[in-house]
Amino acid sequence: MASNAAARAQKEADSHLKALMAWPENQKCADCGASKPRFASITLAVFLCNRCYGIHRGVGAHITRTKCVGLDRWTPEEVHRMKCIGNAVAAAYWEQRLPQGIQRPSPESPDSEVERWIRDKYEKRLFCPPDLPPPEAPKFAIEVLQRVFFADTLLKGL
């Protein structure tokens, strides 16, 4: 019965993620703007295309941990984090101090340009406010969400 509950919980997580990916701001890769991203950085709470997903993996898990939407197992906390932050809130923070003349890469940009952008943005933190921490999902809401999400999933399995 526990595996049925886990399967239902994952199906529900996938459903929530697909709904989040339908939001206009999440329909493009957070880093290069490619359409229909299928991956995410759960650390940064942004949706990514296949190429940027690979670059994020190369940057390292100490900066960005990634998952595939629809294939990987997601916790309620991770889904909640994606909902609270997502591409728009993340861009408002990570690109707040983007200097005039520096342009975001496009889907047609060379890989080296996209990698430089990702490393400058997240690893070197060149464009974010130096005195503010990155956006976070509210902790209390995560605890409540976890209780409700798991309780509801487990009750459905009884």
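**Labels and their cut-offs**

Modeller: Gladly, and let me begin with Thr66, which counts as buried because its relative accessibility is 17%. This is a predicted model, where local features need pLDDT of at least 70, side-chain atom pairs count only at pLDDT 80 or more, and totals for chains, interfaces and linings use all residues. Residues are numbered from 1 along each chain as its sequence is written, and side-chain values use heavy atoms, with hydrogens and water left out.

Biologist: What makes 17% enough for Thr66 to be called buried?

Modeller: Buried means under 20% relative accessible area, exposed over 50%, and partly exposed in between, with a 1.4 Å probe and protein chains only. Thr66 has 17%, so the label is buried. Thr66 sits in strand 3 (residues 66-68); strands are DSSP runs of E with at least two residues, and helices are runs of H or I with at least four, numbered from the N terminus.

Biologist: Which residues are in contact with Thr66, neighbours within four places in sequence aside?

Modeller: Contact means heavy atoms within 4.5 Å. Thr66 touches Ala40, Ser41, Leu48, Tyr53, His56 and Arg57 in that sense.

Biologist: And how do you know whether Asp31 is buried or exposed?

Modeller: Its relative accessible area is 0%, so Asp31 is buried. Asp31 lies in the loop between helix 1 (2-21) and strand 1 (39-41). Leaving out neighbours within four places in sequence, its contacts include Cys52, His56, Ile118 and Tyr122.

Biologist: Why is helix 2 called oblique to helix 5?

Modeller: Helix 2 (residues 50-59) and helix 5 (residues 111-123) pack at about 55°, with axes 10 Å apart. Angles under 35 degrees count as roughly parallel, over 145 as roughly antiparallel, 65 to 115 as roughly perpendicular and the rest as oblique. The angle therefore makes helix 2 oblique to helix 5.

Biologist: Which residues of helix 2 and helix 5 make the contact?

Modeller: From helix 2 come Arg51, Cys52, Ile55, His56, Gly58 and Val59, and from helix 5 Asp111, Val114, Glu115, Ile118, Arg119, Tyr122 and Glu123. By class, that gives 6 nonpolar, 2 polar and 5 charged residues.

Biologist: How many helices and strands does the protein have, and in what order do the elements run?

Modeller: There are 6 helices and 3 strands, running α-β-β-α-β-α-α-α-α from the N terminus. Buried residues account for 43% of the 158 residues.

Conventions: Axes are lines fitted to C-alpha atoms, for helices over the stretch in contact, and angles run from 0 to 180 degrees between N-to-C directions. Ala, Val, Leu, Ile, Met, Phe, Trp, Tyr, Cys and Pro count as nonpolar, Asp, Glu, Lys and Arg as charged, and the others, Gly among them, as polar.
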